[in-house]
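Hi,

Here is the structure I promised to pass on.

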Amino acid sequence: MKKLWFVLVASLLLVTACSKSGGEGNEGGASGSPSASQSADSPDNKEPVTLKIVNKDMPPDDPNTIKLVKAIEEGMAKQGTPIKLEIVPVQAGTYSEKLGLLLQGGNIPDLIYFQGGDYNFAVNQKILEDLTPYIEKSTYLKASLSELNKERMKSYPYLVWAAPIRAQVPVVRQDWFDKTASGKALLENPTVDNYYNFFKELKQVSGAKYVYTVAGLLPEIDVMFNQAFGLTSTWVKGADGKYVFASTTQAEKDKLDFYAKLYKEGLLDPEFLTKKWDTKEKAFYDGEAAIIAGTQGKIIDIYNTKTVGQNGESAKIMVLPPAKGAAQGYLPVDVSKESRGMAIASTSENKDQAFAVLEYMASPEGQMLDKLGIQGEEYQITNGKIKLTDKFAAWFPHFVENLENFKPAQEFDPSTPYLSEPAVKSMEMFTGMSTKDNAFVMPAELAGKWDASLAVYNEFAANYVVGKVKSEDFAKFVESWNAAGGKEVADYANTVLK
Amino acid sequence: MMGYKLKKIWTDRVLYLMLLPAAVFFTLFHLLPIYGMKLAFFDYRIIGEDVYVGMKYFKILFSTPVFSTVLANTLIISAMKLILIFPIPIIFALMLNEFHNGRFRKAIQVVSYLPHFLSWVVIAGIWFEFLSPSTGAVNELIKLFGFPARDFLTDKDTIRWVLVISEAWRSIGWDSIIFFAVILGVSPSLYEAAYADGANRWHILTRIVLPHLYVPMVTIFILNVGFIMNAGLDQVLNFTNVSVNSRIDIIDTYVYRVGLVNGEYSFATAANLFKSIIGVVLVLSTHFISKKLTSKGAW
Amino acid sequence: MAAKGFTVSKLILGLLLTAITLTMFVPIVNLFAKALSSPDKVYLMKGYDLLPKGFSLLHFKVVLSNPIVGKALLNSLFITVTGTLLSVFFTTISAYVLTRKNLVGKAPLMVFLIIFMILEPGIVPEYMVMKDLRLLDSLWSMVLYRTINVFYLIIMMRFMEDVPDSLIEAAKIDGAGHMRVFVRIVLPLAKVPLLTIGMFYAVSRWNEFFKSSIFLSDPDKTVLQVLLRQFVVDNDSTALLSAATLLSNNEVAQLDFSALKAATIVIAMIPILVLYPIILKYYTSGVMEGGIKE
């Protein structure tokens with residue numbers, strides 16, 4: 001006993017001694033770094049300001065990133081705001097997790113790209129700058145934002161993302177579609193029943209292993225069917241006039257029953273649970289899957305290029321309309337906040353310069369660079385027309401993907417349009433057939449419960465579709481959804497939604 | 001007395017100096033993080049000083065419904081592994097001892113020790129292939145007998161068994177070494193004497209071999225109880241997926257997700273502190289129990 | 001105690017042992033076969049096939065031609081080799097000191113060591129310490145982390161206790177200091193336990209992925225297991241083939257991912273397989289003698 005006591009006392013002493021020295025080291029480090037930026041305040045000093053940027057799609061060794069950074073630095077120097085961009089390397093595979101660590105550790109770059117994930121802590125701890133005043137004053141960035149972008153920024157002004165809403169639309173190969181007899185009826189009246197018949201015929205005529213595949217989660221097929229089953233928003237009004245979580249209603253059950261039928265009959269990929277985005281796409285290119293959903297615009301463009309590359313010109317893709325039923329539309333658009341986008345750190349000493357980078361990228365010159373690459377490499381201007389080269393295939397925009405304010409001085413050569421026809425079509429169809437959702441920004445104290453209740457739903461839905469839980473378990477699921485914290489969230493929803 | 005000790009320390013000063021690097025490592029990479037666990041009692045701040053909040057995070061922890069699930073999962077998975085896997089290496093060693101053909105025994109040993117040296121990432125890779133519903137060997141076999149293929153990895157009813165069996169798969173050969181060594185160490189004269197007295201093989205097994213195995217069996221079993229709070233972070237991280245996570249989410253994966261992925265540093269540290277303290281108490285008490293029963297402890 | 005000759009029960013036991021062993025042998029060999037098959041024939045591979053369909057090194061070429069894989073391989077080797085050397089040296093020297101007779105404070109020191117070694121601080125405080133030590137994104141974080149494992153220290157101490165005191169005393173009388181005794185007399189005697197714990201350390205360092213994935217987030221500092229996990233477990237092919245290659249190169253997109261995965265797993269297993277004969281020789285004899293469970 002005596003020994004143990006001695007040990008404990010000794011350890012306590014040691015620990016206190018260590019912690020003291022640890023603490024000192026810490027402070028010394030914190031005050032050391034930001035001396036280079038002081039010169040930026042004086043306007044006549046044209047030393048470039050160093051801005052740190054972290055972005056998943058800008059790996060520092062990548063030749064395209066190096067080209068992009070160099071072009072940004074040169075372009076901005078010409079305009080009189082010389083900057084130097086220093087990329088903070090973060091592994092792309094687990095980006096959102098690594099970014100969380102980086103920020104939590106107090107290593108906060110000036111410009112931060114967020115991609116999905118839960119960043120409540122960043123807002124709670126006030127490390128993100130409210131971008132509203134900057135955007136108010138801007139010319140180009142403001143003009144590049146769509147209405148939906150602006151609406152999202154109203155309730156969550158920390159992220160700006162001048163890109164089309166990342167909403168998915170379902171696509172099918174044109175040649176296969178043309179082979180079906182039921183396709184025509186489908187386009188005229190895309191009811192759930194017509195879709196079902198179309199799926200059955202499509203599987204037969206195409207020789208695909210199954211019709212629809214998704215990368216693990218059901219929302220990718222929900223884009224087609226949710227609204228038809230009456231799931232028109234995250235929260236729907238029940239009979240008593242109170243809002244309930246749509247996925248706990250009868251409409252959800254009907255929809256899942258339908259999916260279960262598709263699954264059982266081999267129309268939905270039997271291995272959809274373990275599919276990831278790459279295996280899903282591969283299944284489509286290889287002709288194993290006939291329909292997949294992809295983000296409108298640029299992604300549809302990539303699908304089109306690759307499937308044509310692999311299967312010939314006739315295999316170009318066509319966008320399918322959402323099913324018609326109780327309502328019609330793709331998945332309702334969450335306008336509560338941007339889930340990805342660029343943020344400026346409130347700790348940054350060069351916020352204006354950081355914003356200047358965003359503004360530059362939205363300017364005509366910046367957009368040419370961001371979207372098309374470097375003249376002479378990714379594109380050429382011949383006979384007054386923009387001709388994209390082969391290298392363009394590996395170039396994609398990092399800052400401004402929206403076409404709202406993209407007006408190149410020259411036209412595109414008809415042989416190389418900026419976006420392929422299916423891609424343009426996907427954007428038109430989405431705009432024509434999208435509705436707004438009534439999801440709201442979840443307060444921090446409910447965020448955990450919301451996540452937990454969603455996890456309950458995801459698990460149940462997956463198991464229901466594959467037939468591991470039965471129809472009578474739905475009531476049990478609703479119960480466990482409530483128990484996992486869904487009830488509190490629903491109560492809160494009724495205070496927010498009018 | 002004190003003076004003598006000081007003098008001895010002084011004469012042994014070179015020895016203490018030799019221990020210094022170890023002390024530095026130990027301080028930096030063990031004691032500092034342990035001191036850092038005080039974060040469980042503070043609100044973590046990225047900018048500025050952390051704020052003392054007392055037991056706040058422990059209260060939240062014990063009122064979070066998910067935490068009880070996670071704790072239950074940890075204990076269930078550990079208990080399954082502990083009870084079901086424990087006898088296997090012993091039986092394996094006994095079986096192996098039946099064979100005196102050097103080449104056969106050697107071949108079995110060489111292959112069965114190998115999985116122990118593979119990382120869980122590699123093992124998961126092997127098992128994904130092994131269990132794949134479309135191409136895996138297991139399902140090929142199931143289909144051969146006319147049953148439908150089954151995806152064991154996304155099935156809530158089978159996933160814990162996948163954890164237990166893959167753990168057994170990894171450790172059966174390796175963990176049998178200790179028992180095998182003990183069996184080989186039994187003096188041949190004991191057998192001869194027993195046979196001379198007319199004993200049959202069953203008598204030999206129960207009266208001679210098993211009593212020899214008693215000490216390592218008890219020690220190892222008890223020590224494994226001590227590590228029951230560790231249900232296998234590396235394994236679960238590599239085997240989990242959305243459709244089964246609620247069945248195999250253990251404290252370690254929970255801490256990782258809440259702490260590192262969602263950035264709830266203080267909360268995660270509180271959960272971890274809870275786990276660690278129980279762990280230390282368990283290891284120490286099992287050590288003393290084992291010492292008492294077999295005079296052998298963890299160290 | 002074995003029965004003489006051939007019996008039915010022995011046959012059953014033999015079949016059982018063989019079956020258990022086959023569950024290890026078949027999937028591992030199957031991976032090799034899959035990785036070596038030609039890309040257009042991979043889909044023909046069944047889970048129990050032991051020979052490749054067709055033959056091609058293309059999968060290995062694709063994986064190894066990615067500069068990230070090469071870097072990760074080097075990083076893993078650096079951490080394993082440097083870390084193991086440091087670990088072995090400091091574990092042995094500490095074991096020597098802690099087994100000297102009448103060392104003042106030895107008993108409490110041991111209890112103290114053991115308690116704090118068992119107490120797992122968890123990933124968050126460890127991350128903070130690495131940050132404060134400026135070791136994040138440095139390979140040294142993984143080299144220095146957990147340099148001394150207390151269980152391996154104990155194995156070493158058990159050996160040191162067996163070194164005859166007379167040898168050490170004799171050297172001391174000849175005027176040798178502790179350091180000299182340690183290097184000249186103890187180390188050469190300790191070859192087997194040195195190799196044993198060396199293997200313990202090397203294997204655990206080579207296989208470590210969780211801490212590496214947290215402490216090293218710079219893609220240049222990735223280690224092989226982390227890369228492997230992203231590709232094999234998370235199915236993220238961008239981990240192996242950069243996004244740009246995937247976007248632009250149809251040929252790569254048409255490769256069979258499961259064979260690429262197999263090739264990557266095989267690459268991560270090769271160092272273990274190369275060391276395996278040595279491991280079997282020392283590692284197992286170490287355990288047989290020490291009676292220590294890892």
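The axes are lines fitted to C-alpha atoms, for helices over the stretch in contact, and the angles run from 0 to 180 degrees between N-to-C directions. Helices (H or I, at least four residues) and strands (E, at least two) are DSSP runs, numbered from the N terminus.

This is a predicted model, where local features need pLDDT of at least 70 and side-chain atom pairs pLDDT 80 or more, while totals for chains, interfaces and linings use all residues. Residues are numbered from 1 along each chain as its sequence is written, chains are lettered from A and ligands numbered from 1 in the order in which they are written, and side-chain values use heavy atoms, with hydrogens and water left out.

Chain B first. Helices α9(B) (residues 159–185) and α11(B) (residues 201–226) pack at an angle of about 150°, their axes 9 Å apart, and are therefore roughly antiparallel to each other. On the α9(B) side, Ile178(B), Phe179(B), Val182(B) and Ile183(B) make the contacts (heavy atoms within 4.5 Å). Their partners in α11(B) include Val209(B), Leu213(B) and Met217(B).

Now chain C, which has 15 helices and 0 strands. Of its 294 residues, 57% are buried (under 20% relative accessible area; exposed is over 50%, partly exposed in between; 1.4 Å probe, protein chains only). Which helix is largely enclosed by the rest of the structure? That's α5(C), residues 123–132, because 8 of its 10 residues are buried. Among them are Ile123(C), Tyr127(C) and Met130(C). The buried residues pack against elements from other chains too, including α3 (95–104) of chain A and α15 (265–294) of chain B, together with α6 (139–144) and α11 (210–215) of chain C. After α5(C) comes Arg134(C), with a positive phi near 60°.

Finally, the strands of chain A. Strands pair if DSSP finds at least two bridges between them. β1(A) (residues 49–54) runs parallel to β2(A) (residues 83–87), joined by 5 bridges, and Thr50(A) sits opposite Lys84(A). β1(A) also pairs in the parallel sense with β3(A) (residues 111–115), over 2 bridges, where Val54(A) faces Ile112(A).

Cheers

Note on methods. Parallel < 35°, antiparallel > 145°, perpendicular 65-115°, else oblique.
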